[in-house]
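Work through the exercises below with the sequence and the 3D structure open. Try each task before reading its solution.

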Amino acid sequence: MYHFIYHMNSKIEKNLEGFPERLRLVIDESGLTQAKFAQSVGIALHLLKDVLRGQIRPSAELVQKVVMNQSSDAVWLVTGQKQSVGDLSPHESILISNFRMLASTEQATIAKMVAALAAQSGRPNAKD
């Protein structure tokens, strides 16, 4: 993941339009205040506020911290473009899109619930 973020650093300059709004969405989806969000991802509140106001550009390190701590999509956060989900059915795509809109604590709960259901199904490849 770090390698991916490192290489994205050169592209950040070109793709930052809308970054503060996307970061605001991530914060809103987390259900945290800006102060709690900054603390949860390990950045100073004043830095977060400066990025949200567009006064400073986000570093690759800041993007990495948000992505790793909030289960966000790095490509979407930086560019505004969603990654392709591959060969999923329309139903699976909707599930993934809705899952991505949840706060990280809700995602963890859903992941545990799905793992438990898969394990109950008796399928040998079900994982926690």
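**Exercise 1. Determine the handedness of the crossing of α2 and α5, and describe their packing.**

Step 1. The crossing of α2 and α5 is left-handed; a crossing has this hand if the near helix is turned anticlockwise from the far one by less than a right angle, and is right-handed if clockwise. Helices (H or I, at least four residues) and strands (E, at least two) are DSSP runs, numbered from the N terminus.

Step 2. The model is predicted: local features need pLDDT of at least 70, side-chain atom pairs count only at pLDDT 80 or more, and totals for chains, interfaces and linings use all residues. Residues are numbered from 1 along each chain as its sequence is written, and side-chain values use heavy atoms, with hydrogens and water left out.

Step 3. Helix α2 covers residues 19-30 and helix α5 covers residues 60-70; they pack at an angle of about 25 degrees, with their axes 12 Å apart. Axes are lines fitted to C-alpha atoms, for helices over the stretch in contact, and angles run from 0 to 180 degrees between N-to-C directions.

Step 4. α2 and α5 are therefore roughly parallel to each other. Angles under 35 degrees count as roughly parallel, over 145 as roughly antiparallel, 65 to 115 as roughly perpendicular and the rest as oblique.

Step 5. On the α2 side the contact (heavy atoms within 4.5 Å) is made by Phe19, Leu23, Val26 and Ser30, and on the α5 side by Leu62, Val63, Val66 and Gln70. Sorted by class, the contact of α2 with α5 has six nonpolar, two polar and no charged residues. Here Ala, Val, Leu, Ile, Met, Phe, Trp, Tyr, Cys and Pro count as nonpolar, Asp, Glu, Lys and Arg as charged, and the others, Gly among them, as polar.

**Exercise 2. How do α2 and α4 cross, and which residues make the contact?**

Step 1. The axes of α2 and α4 come within 8 Å, and the crossing is at roughly 130 degrees. That makes α2 oblique to α4.

Step 2. Phe19, Pro20, Leu23, Arg24 and Ile27 of α2 make the contact with Leu48, Val51 and Leu52 of α4. In the contact of α2 with α4, seven residues are nonpolar, none is polar and one is charged.

**Exercise 3. Which residues of α4 are buried, and what covers them?**

Step 1. Leu48, Asp50, Val51 and Leu52 are buried in α4. Buried means under 20% relative accessible area, exposed over 50%, and partly exposed in between (1.4 Å probe, protein chains only).

Step 2. The cover of these buried residues includes α2, α3 (34-41) and α5.

Step 3. Lysine 49 is also found in helix α4 (residues 45-52), but at 33% relative accessibility lysine 49 counts as partly exposed. Its C-alpha is 9.5 Å from that of proline 20, although lysine 49 and proline 20 are 29 residues apart in sequence.

Step 4. Just after α4, glycine 54 takes a positive phi of about 75 degrees.

**Exercise 4. Is threonine 105 buried or exposed?**

Step 1. Threonine 105 has its place in helix α8 (residues 104-120).

Step 2. With a relative accessible area of 59%, threonine 105 is exposed.

Step 3. Threonine 105 and glutamine 70 are 35 residues apart in sequence, and their C-alpha atoms are 9.0 Å apart in space.

**Exercise 5. How many helices and strands does the protein chain have, and what share of its residues is buried?**

Step 1. The protein chain has eight helices and zero strands.

Step 2. Of the 128 residues in the protein chain, 28% are buried.
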